[in-house]
Amino acid sequence: MLTDKEMFNIEGGKLSWGFVGILGTIVTFIAGIVDGYLRPLKCN
């Protein structure tokens with residue numbers, strides 16, 4: 001059995017927000033490229 005102090009010190013399964021932000025930026029960029037290739041729009 002773990003004590004309360006030991007249970008509060010357990011860390012795991014968390015992602016850093018920087019990694020999530022970078023991953024979201026990459027996904028958005030790739031989606032923009034695919035969208036521009038499939039639906040090209042003229043500049044106004």
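Tutor: What follows starts with the whole chain and then turns to the part you asked about. This is a predicted model, in which local features need pLDDT of at least 70 and side-chain atom pairs count only at pLDDT 80 or more, while totals for chains, interfaces and linings use all residues. Residues are numbered from 1 along each chain as its sequence is written, and side-chain values use heavy atoms, with hydrogens and water left out.

The protein has two helices and zero strands, where helices (H or I, at least four residues) and strands (E, at least two) are DSSP runs numbered from the N terminus. Its C-alpha atoms fill a box of roughly 65 × 15 × 10 Å along the principal axes. Of the 44 residues, 0% are buried; buried means under 20% relative accessible area, exposed over 50%, and partly exposed in between, with a 1.4 Å probe and protein chains only. The protein exposes about 4800 Å², of which carbon and sulfur atoms supply 68%, the areas coming from the Shrake-Rupley method with a 1.4 Å probe, where for residues only the protein chains shown count as cover.

Within helix 2 (residues 17-38) lies valine 34, which counts as partly exposed because its relative accessibility is 43%. Val34 belongs to a nonpolar patch on the surface, together with Ile22, Ile26, Phe29, Ile30, Ile33, Tyr37 and Leu38, and the patch has about 900 Å² of accessible area. Such patches are made of residues with over 30% relative accessible area and no salt bridge, like charges being joined within 9 Å and nonpolar side chains (Val, Leu, Ile, Met, Phe, Trp, Tyr) within 5 Å.

Aspartate 35 is also placed in helix 2, and aspartate 35 is partly exposed because its relative accessible area is 35%. The C-alpha atoms of aspartate 35 and tryptophan 17 are separated by 27 Å, with the two residues 18 apart along the chain. The side chain of aspartate 35 meets that of arginine 39 in a salt bridge at 2.8 Å, N to O, a term that requires a side-chain nitrogen of Lys or Arg within 4 Å of a carboxyl oxygen of Asp or Glu. By this rule the count comes to one salt bridge. Arginine 39 counts as exposed because its relative accessibility is 51%.

Leucine 41 lies in the segment after helix 2 and is exposed because its relative accessible area is 73%. Leucine 41 and isoleucine 30 are eleven residues apart in sequence and 17 Å apart in space, C-alpha to C-alpha.
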